[in-house]
Amino acid sequence: MTQADLDRATLRVGPQPAPRKQRITISLDINLIEYFKSKAGERGYQTLINETLRQ
């Protein structure tokens, strides 16, 4: 475990369960995926798509 790992960690206090996710399969246009990959950086494009859909 490195300092970078600790910096990215999320601290939870108490017995709160971690947010749950469900794996799905979805077909998206290639240019849409390329757009999110170009904008995502180190976060990952799936995380960016998830945040965008949440908004």
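User: Which side chain meets Glu51 in a salt bridge?

Analyst: In this predicted model, a salt bridge requires a side-chain nitrogen of Lys or Arg within 4 Å of a carboxyl oxygen of Asp or Glu. The N to O distance for the partner of Glu51 is 2.7 Å, so the pair falls within that 4 Å cut-off. The partner is Arg43.

User: Is Glu51 buried, partly exposed or exposed?

Analyst: Buried residues have under 20% relative accessible area and exposed residues over 50%. Glu51 has a relative accessible area of 29%, and its salt-bridge partner Arg43 has 45%. Because both values lie between the cut-offs, Arg43 counts as partly exposed, and the class of Glu51 is likewise partly exposed.

User: How many salt bridges does the structure hold, and which residue pairs with Arg8?

Analyst: The structure holds two salt bridges. One of them joins Glu51 and Arg43. In the bridge formed by Arg8, the closest N and O atoms are 2.7 Å apart, and both residues lie in helix 1, three residues apart, about one turn of the helix. The count is two, and the partner of Arg8 is Asp5.

User: Where is Ile26 found, and is Ile26 buried or exposed?

Analyst: Ile26 is found in the loop between helix 1 (3-8) and helix 2 (30-40). Together with Ile24, Leu28 and Leu32, Ile26 forms a nonpolar patch on the surface, with about 360 Å² of accessible area for the four together. The relative accessible area of Ile26 is 57%, and the cut-off is over 50%, so Ile26 is exposed.

User: What percentage of the residues of the protein count as buried?

Analyst: The protein has three helices and zero strands. Its radius of gyration is 15 Å, whereas a compact globule of 55 residues would have one near 10 Å. The protein exposes about 5800 Å², of which carbon and sulfur atoms supply 52%. Of the 55 residues, the share that counts as buried is 7%.

User: How far apart do the centres of the positive and negative side chains lie?

Analyst: The protein has 9 positive and 6 negative side chains. Its C-alpha atoms fill a box of roughly 40 × 25 × 20 Å along the principal axes. The distance between the centres of the two charged sets is 8 Å.

Key. Residues numbered from 1 in each chain as written. Predicted model: local features only at pLDDT ≥ 70, side-chain atom pairs only at ≥ 80, totals over all residues. Heavy atoms only, no water. Helix = DSSP H or I, 4+ residues; strand = E, 2+ residues; numbered from the N terminus. Rg over C-alpha atoms; globule rule 2.2 N^0.38 Å. Buried < 20%, exposed > 50% of the residue type's maximum accessible area, 1.4 Å probe, protein only. Areas by Shrake-Rupley, 256 points an atom, 1.4 Å probe, with all protein chains shown as cover. Lys, Arg positive; Asp, Glu negative; His and termini not counted. Charge placed at Lys NZ, Arg CZ, Asp CG, Glu CD. Patch = residues over 30% accessible without salt bridge, like charges linked within 9 Å, V, L, I, M, F, W, Y side chains within 5 Å.
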